[in-house]
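Subject: Structure handover

Hello,

Please find the structure below, for your own use. My notes on it come after.

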Amino acid sequence: MNNNIVIEIPPIKKEVLRVAAYCRVSTAYEEQQTSLDSQIQYYTDYINNHEGWVLAGIYSEQASGTCFDNRIAFNRMMKDCRAGKIDYIITKSISRFGRNTLPFLRSFNELLSLGIIIYFEVERLDSSDWRMLKIIATAAAVAQSESEAKSANIKWGIQRSFEKGHVKLNHTNFLGYTKDENGKLVIVEEEAEIVRLIYDLYLKGHGCRNIKSYLEKNDIKTVTGKSEWSTSTIDRILSNEKYIGTVLSQKSYVEDCLTHKQVKNNGKLPMYLIESNHEAIISKEVFGKVQHRKSL
């Protein structure tokens with residue numbers, strides 16, 4: 001009689017790793033969009049073809065690397081990580097993950113506390129190795145420093161351009177103007193009549209609220225085609241020196257390249273006045289009278 005006891009050991013089931021990829025470019029230029037499309041395709045194929053991995057998602061976006069709050073795909077990925085949907089994240093480089101050291105490290109440390117590993121391909125750094133943490137923190141600081149240097153160079157170039165009288169104006173939703181094929185502001189006469197009407201009504205004693213009521217009552221549309229006007233829009237039209245063909249550059253500036261917050265220039269940086277930059281809709285005399293009345 002055979003008294004041997006046989007214990008059946010079930011086969012060890014391989015754990016499947018849920019892997020996500022984060023892809024980012026900083027601008028909407030065509031070559032950057034091509035880069036983003038290439039990253040998406042690369043990581044989709046790479047993860048799907050890797051044994052033991054399952055694609056948890058490709059999180060991609062065109063966004064600044066310094067401002068984490070505005071990165072919709074990144075924040076959606078973090079939300080999915082908190083929900084336990086991701087085990088492992090691959091990204092091209094530390095600079096793609098983020099260029100602002102403190103928010104970068106906050107997100108990085110949160111992922112570590114969730115047990116989620118991040119792999120940075122260019123640097124070949126893996127957050128699962130504790131020896132790599134200092135290197136990653138240093139690399140993140142370098143990425144931030146590079147971003148700050150780039151921002152300083154851009155500001156320098158813009159100021160030199162202002163000094164030479166070169167200015168780029170945004171004509172989108174600019175009542176009274178559009179741009180020609182050379183990028184020069186040109187008058188849209190139908191809209192210019194509305195601008196002149198607003199100035200005329202103001203000099204006749206009407207305030208912004210009365211002008212708003214007049215425009216809406218007479219079914220005069222805003223530059224975006226809306227029937228309702230705002231008093232703040234009317235006030236800005238009455239204060240905009242561009243309507244006399246003049247451009248005052250650097251009225252505001254980006255104070256911090258990491259937050260991208262614009263602040264009013266109260267004399268910290270020089271402002272540049274460029275006269276006769278484009279054809280005027282309002283005469284300097286009328287504009288001066290309006291500014292005088294507004295100051296009373």
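Predicted model: local features only at pLDDT ≥ 70, side-chain atom pairs only at ≥ 80, totals over all residues.

Residues are numbered from 1 along each chain as its sequence is written, and side-chain values use heavy atoms, with hydrogens and water left out.

Overall

The chain has 9 helices and 11 strands; both are DSSP runs numbered from the N terminus (helices: H or I, at least four residues; strands: E, at least two). Of its 296 residues, 36% are buried. Buried stands for under 20% relative accessible area, exposed for over 50%, and partly exposed for the range in between, with a 1.4 Å probe and protein chains only. A contact requires heavy atoms within 4.5 Å. Among contacts between residues at least 6 apart in sequence, 63% join residues at least 24 apart.

The five-stranded sheet

An open sheet of 5 strands runs in the order S2-S1-S3-S4-S5, with mixed pairing. Strand S2 (53-62) and strand S5 (125-126) are at the edges with a single partner strand each, so one side of each has no neighbour in the sheet. Two strands count as paired if DSSP finds at least two bridges between them.

Strand S3 (residues 88-91) is parallel to strand S4 (residues 117-120), with 4 bridges joining them. Ile89 has Ile118 as its bridge partner in S4, and Ile90 has Tyr119. S1 and S3 also pair in the parallel sense, over 4 bridges, and Tyr22 stands opposite Thr91 in S3. In a regular strand, side chains alternate between the two faces of the sheet. In S3, Tyr88 and Ile90 point one way and Ile89 and Thr91 the other way, and all are buried.

Nonpolar cores

A nonpolar core is taken as a set of buried Ala, Val, Leu, Ile, Met, Phe, Trp, Tyr and Cys residues joined through side-chain atoms within 4.5 Å. The largest one has 25 residues, of which Ile198, Tyr199, Trp229 and Tyr243 touch the most other members. Helix H6 (189-203), helix H7 (208-217), H8 and helix H9 (284-295) each supply at least two residues of this core, and H6 gives the largest share, 7 residues. Leaving aside neighbours within four places in sequence, the contacts of Tyr243 include Phe174, Val195, Tyr199, Ile237 and Ile281. A second, separate core of 19 residues includes Met77, Cys81, Phe97 and Leu111.

Aromatic pairs and charges over rings

Rings of Phe, Tyr and Trp (its six-membered ring) pair if their centres lie within 6.5 Å; planes under 30 degrees apart are stacked, over 60 edge-to-face, and the rest tilted. The whole structure holds 10 aromatic pairs. Tyr42 and Tyr43 form an edge-to-face pair, at 4.9 Å centre to centre and 65° between the planes. Tyr42 is partly exposed at 40% relative accessibility, whereas Tyr43 is buried, with a relative accessible area of 1%. Tyr177 and Tyr243 form a stacked pair, at 6.1 Å centre to centre and 20° between the planes. Tyr177 lies in strand S6 (residues 177-179) and Tyr243 in the loop between H8 and S8, so this pair ties together parts that are 66 residues apart in sequence. Both Tyr177 and Tyr243 are buried. One aromatic cluster is formed by Tyr42, Tyr43, Tyr46, Trp53 and Tyr88.

A charge sits over a ring if NZ of Lys or CZ of Arg is within 6 Å of the ring centre and within 35 degrees of the ring normal. The charged end of Arg71 sits over the ring of Phe74, 4.6 Å from its centre, and that of Arg293 over the ring of Tyr202, 4.3 Å from its centre.

Two single residues

Thr246 is in the loop between helix H8 (231-239) and strand S8 (247-249). Thr246 is buried, at 4% relative accessibility. Beyond its neighbours within four places in sequence, Thr246 has contacts that include Glu241, Leu273, Glu275 and His278.

Thr231 is in helix H8 and is partly exposed, at 29% relative accessibility. With neighbours within four places in sequence left aside, Thr231 is in contact with Cys208, Arg209 and Lys212. Thr231 and Gly207 are 24 residues apart in sequence and 9.1 Å apart in space, C-alpha to C-alpha.

Regards
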